[in-house]
Amino acid sequence: MHTPEGFTPSHALPAALPADTLAFAFRDAKVLVGGADDAPVVPRASELAGLGIGGDRHYLGELDGTGCVAIHLPAEAREPEGWRYAGLRSLFFRLPEPLLAIAARAFQVVEWDRTHRYCGRCGTPTRDKQGERAKECPACGYAAFPRVTPAMMVLVTRGRELLLARAPRFPPGMYSALAGFVEPGETIEDCIHREVREEVGIEVGAIRYFASQSWAFPHSLMIAYTAEYAGGELTPDETEIAEARWFAWDAVPDLPPSISISRRLIEATVARLAGEAARPC
Ligand SMILES: [Zn+2]
């Protein structure tokens, strides 16, 4: 997910929210929506007020001139008739793409709001900081910003083969590129070398940037690369990787859903290898 076309981010909450403001209201990790199961609808601020539901508000910006606000509902907020609380993943392919991207953004802001009620340094209740998206401690001045965690994804090739792996949690038959979180002190390139070594025991080179994607589970920035095999024996680490194999470019297995950057990374690489295979030597 990324910043949608037509969206202008802002954190300055208007003094009065226009009635048509889109309200992304979360109770725990689920967002309030109306409409049919396969055509969910995001409530407007006026509808939410009419239902008597509210909580801490964080302004997100404007989508094509319409305000968008994230609302952190209390855990005991009721579920009004005709509305339901839906997990973000259940809205994939159902909520239109720009709204889904803003819902994912709202989810991360609410999650930050929910987990930074107290100062991590001295335990005093925090307050929202004026002028920026931050919580500050009135006692010691510590400031906490929404957390974004960088993670890398890498698709390793060897000639016209791709290295794909299965994590134990994957549905049967599904494979993906390797991925892992960046550790303190590492560059992303360091992380790629370490994770590939730890997860499958090989060395890689020729690392090239592909693209990045915001991923709201819970607050990752997935940064994707391709790399070329540079040596070593494939030996999957059996805790994180159930199986890792080289696949010919024209025989790839089941892949993650098209919303994920891993699918785009694999498809783009397959297309490149297919082009190379078609070219006369
Ligand atoms: Zn403090």
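Does tyrosine 229 count as buried, partly exposed or exposed? At 28% relative accessibility, tyrosine 229 counts as partly exposed. Keep in mind throughout that this is a predicted model.

**Stop 1: around tyrosine 229**

At 16% relative accessibility, tryptophan 246 counts as buried, because the cut-off is under 20%. The ring centres of tyrosine 229 and tryptophan 246 are 5.6 Å apart, and the planes are at 85 degrees, so the pair is edge-to-face. The two residues link distant parts of the chain: tyrosine 229 belongs to strand β15, tryptophan 246 to strand β16 (residues 243-248), and they are 17 residues apart.

Now show arginine 158. Arginine 158 lies over the face of tyrosine 229, at 5.6 Å from the ring centre.

**Stop 2: the other aromatic contacts**

How many aromatic pairs does a search of the whole structure find? The search gives 6. Select phenylalanine 92 and phenylalanine 93. Their ring centres lie 6.5 Å apart with the planes at 85 degrees, so this pair is edge-to-face. Phenylalanine 92 counts as buried, at 12% relative accessibility. Phenylalanine 93, at 59%, counts as exposed.

Next, pick tryptophan 112. Lysine 135 lies over the face of tryptophan 112, at 5.4 Å from the ring centre.

**Stop 3: the largest pocket**

The largest pocket has a volume of about 830 Å³. Its lining comprises 31 residues, and Met153, Arg169, Phe170, Trp215 and Met222 are the ones that lie nearest the centre. Colour the lining by class: 20 residues are nonpolar, 6 polar and 5 charged.

Which elements each supply at least two residues of this lining? They are β11 (149-158), β12 (161-166), β13 (178-181), β14 (203-215), β15 (220-231) and α4 (261-278). β13 gives the most, with 4 residues.

**Stop 4: the second largest pocket**

Move to the second largest pocket, with a volume of about 430 Å³. There are 17 residues in its lining, and Arg105, Gln108, Val109, Val148 and Ser214 lie nearest its centre. The elements that give two or more residues to this lining are α2 (97-115) and β15. The largest share, 5 residues, comes from α2. By class, the lining has 9 nonpolar, 5 polar and 3 charged residues.

**Stop 5**

Hide the surfaces and select residues 22-27. This is strand β2, and 5 of its 6 residues are buried, so β2 is largely enclosed by the rest of the structure.

Show strand β6 (residues 66-73) beside β2. The two strands pair in the parallel sense over 6 bridges. To find one of the contacts, pick phenylalanine 24: its bridge partner in β6 is alanine 70.

Then show strand β3 (residues 30-36). Here the pairing with β2 is antiparallel, over 2 bridges. Arginine 27 has lysine 30 of β3 as its bridge partner. β2 and β3 form a hairpin with 2 residues between them. Check aspartate 28 in the turn, which has a positive phi of about 50 degrees.

**Stop 6: onward from β3**

β3 and β7 run antiparallel and are joined by 4 bridges. Valine 33 stands opposite arginine 84 in β7.

Alanine 36 stands opposite alanine 39 in β4. A hairpin joins β3 to β4 through 2 residues.

**Stop 7: the three-stranded sheet**

Finish with the open sheet of 3 strands, in the order β8-β9-β10, where the pairing is antiparallel. Why is one side of β8 and of β10 left without a neighbour in the sheet? β8 (127-128) and β10 (143-144) stand at the edges, each with a single partner strand, so one side of each has no neighbour in the sheet.

Zoom in on β8 and strand β9 (residues 135-136), which pair in the antiparallel sense over 2 bridges. Aspartate 128 has lysine 135 as its bridge partner in β9.

Notes: Residues are numbered from 1 along each chain as its sequence is written. This is a predicted model: local features need pLDDT of at least 70, side-chain atom pairs count only at pLDDT 80 or more; totals for chains, interfaces and linings use all residues. Side-chain values use heavy atoms; hydrogens and water are left out. On a 1 Å grid over the protein atoms alone, a cavity is a set of points where a 1.4 Å probe fits but cannot get out, and a pocket is an open set with protein on both sides within 12 Å along at least five of seven lines; lining residues have an atom within 4 Å of a point. Grid points are joined across faces, edges and corners, and a volume is the space filled by probe spheres set on the points. Ala, Val, Leu, Ile, Met, Phe, Trp, Tyr, Cys and Pro count as nonpolar, Asp, Glu, Lys and Arg as charged, and the others, Gly among them, as polar. Rings of Phe, Tyr and Trp (its six-membered ring) pair if their centres lie within 6.5 Å; planes under 30 degrees apart count as stacked, over 60 as edge-to-face and the rest as tilted. Buried means under 20% relative accessible area, exposed over 50%, partly exposed in between (1.4 Å probe, protein chains only). A charge sits over a ring if NZ of Lys or CZ of Arg is within 6 Å of the ring centre and within 35 degrees of the ring normal. Two strands pair if DSSP finds at least two bridges between them.
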